[in-house]
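Here is a short briefing on one protein chain. Look at the structure first, then read on.

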Amino acid sequence: SSMDHPFLTLTPEDRKRIAVLHSVVRKSQEFANQAQVAVKPEDVITVVESLVETLKGLKTKEYFIVPSGYIGLTGHNIMYMVICKDASEEYTVTVVNTSPSTDAGLDYHTQVPTSEKIKAKTCITLPGIPGRRILDEAFWLMTLSMWMKANDGTQSEFCRGEVLYDVMLPWLAEEVSFSSLENHYPSLTTYRLEATSTGKASKYAQWVLSLERKKAPETPTDFTT
């Protein structure tokens, strides 16, 4: 009898995609290994500069996986940021959080109740990030330090999910065009209705609406119709 396995029926295009993915994962792992052992200030700066140069050198539709998350006094969470270079001088950032605990930042992600449990979307995508933001060394120094501080055993109460979601990511998305945000989040209507009808909104809805309010034009589209 013949063996039937998906890997035996891969097309040349499939093999090409796998090779690209393997290359991205390998380079990202090399960066993570470098960042994990950086303790001295000069070594930390080298890590940040290396990341910025890598992101700057991405070609259109190329991407890089940045280790993220935090290790603090009250808890820890391992996360990732998938950075993709767009056709223009902009980037798309996807925040990946697979923690089973809402205390680890997952309550900032959209959630859907089911008969068995509450399911959360593990990814938040921020489109149209200007290069001057994603290539800002100070941003990456602060973002990476939220988990790199633990390289020498240091733990801080400021290394927690709220800092990443309420401070770092909103700053990153501060200059995103309203059209980019609106196109990527067609459910802004749902979030606005949720806030209007109930007088409150989920933390994720509040977060997306806070981005929307920053981007809203002087005469915004009537999302309630």
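The side chains of threonine 125 and threonine 94 make a polar contact of 3.1 Å. A polar contact is a pair of N or O atoms within 3.5 Å; within protein, one must be able to donate a hydrogen and the other to accept it, and residues adjacent in sequence count only if both atoms are side-chain atoms. This is a predicted model: local features need pLDDT of at least 70, side-chain atom pairs count only at pLDDT 80 or more, and totals for chains, interfaces and linings use all residues. Residues are numbered from 1 along each chain as its sequence is written, and side-chain values use heavy atoms, with hydrogens and water left out.

**The chain overall**

- The chain has eight helices and six strands. Helices (H or I, at least four residues) and strands (E, at least two) are DSSP runs, numbered from the N terminus.
- Along the sequence, the pattern reads α-α-β-β-β-β-β-β-α-α-α-α-α-α.
- Of the 225 residues in the chain, 37% are buried. Buried means under 20% relative accessible area, exposed over 50%, and partly exposed in between (1.4 Å probe, protein chains only).
- Take the contacts between residues at least 6 apart in sequence: 63% of them join residues at least 24 apart. Contact means heavy atoms within 4.5 Å.

**Around threonine 125**

- Threonine 125 belongs to strand 6.
- Its relative accessibility is 16%, so threonine 125 counts as buried.
- Threonine 94 stands opposite threonine 125.
- Valine 95 is 30 residues away from threonine 125 along the chain, yet their C-alpha atoms are separated by 6.3 Å.

- Four strands make an open sheet in the order 1-2-3-6, with antiparallel pairing. Two strands pair if DSSP finds at least two bridges between them.
- Strand 1 and strand 6 (123–130) are the edges; each has a single partner strand, so one side of each has no neighbour in the sheet.
- From one strand to the next, the twist averages 20°.
- Helix 2 packs on this sheet and touches strand 1, strand 2 and strand 3. The direction of helix 2 makes about 145° with that of strand 1. Axes are lines fitted to C-alpha atoms, for helices over the stretch in contact, and angles run from 0 to 180 degrees between N-to-C directions.
- Strand 3 (residues 90–96) pairs with strand 6 over six bridges, in the antiparallel sense.
- Strand 2 and strand 3 are also antiparallel, over six bridges. They form a hairpin with four residues between them.
- Isoleucine 83 has valine 93 in strand 3 as its bridge partner.
- Is strand 3 enclosed or open? Six of its seven residues are buried, so strand 3 is largely enclosed by the rest of the structure.

**Helix 4**

- Helix 4 spans residues 137–148, and its buried residues include Thr143, Leu144, Met146, Trp147 and Met148.
- Among the elements that cover the buried residues of helix 4 are helix 1 (12–36), helix 2 (41–56), strand 1 (63–71), strand 2 (76–85) and helix 5 (161–172).
- Aspartate 136 caps the N-terminal end of helix 4, with a side-chain oxygen 3.0 Å from the backbone nitrogen of alanine 138.

**Aromatic rings**

- The structure has three aromatic pairs. Rings of Phe, Tyr and Trp (its six-membered ring) pair if their centres lie within 6.5 Å; planes under 30 degrees apart count as stacked, over 60 as edge-to-face and the rest as tilted.
- Phenylalanine 139 and tryptophan 140 have ring centres 4.9 Å apart and planes at 75°, so this pair is edge-to-face.
- Phenylalanine 139 and tryptophan 171 form a stacked pair, 5.8 Å centre to centre with 20° between the planes. Phenylalanine 139 is in helix 4 and tryptophan 171 in helix 5, so the pair ties together parts 32 residues apart in sequence.
- Ring pairs join Phe139, Trp140 and Trp171 into a cluster.
- Phenylalanine 139 has 2% relative accessibility, so it counts as buried. Tryptophan 171 has 29%, so it counts as partly exposed.
- Arginine 133 lies over the face of tryptophan 171, 4.2 Å from the ring centre. A charge sits over a ring if NZ of Lys or CZ of Arg is within 6 Å of the ring centre and within 35 degrees of the ring normal.
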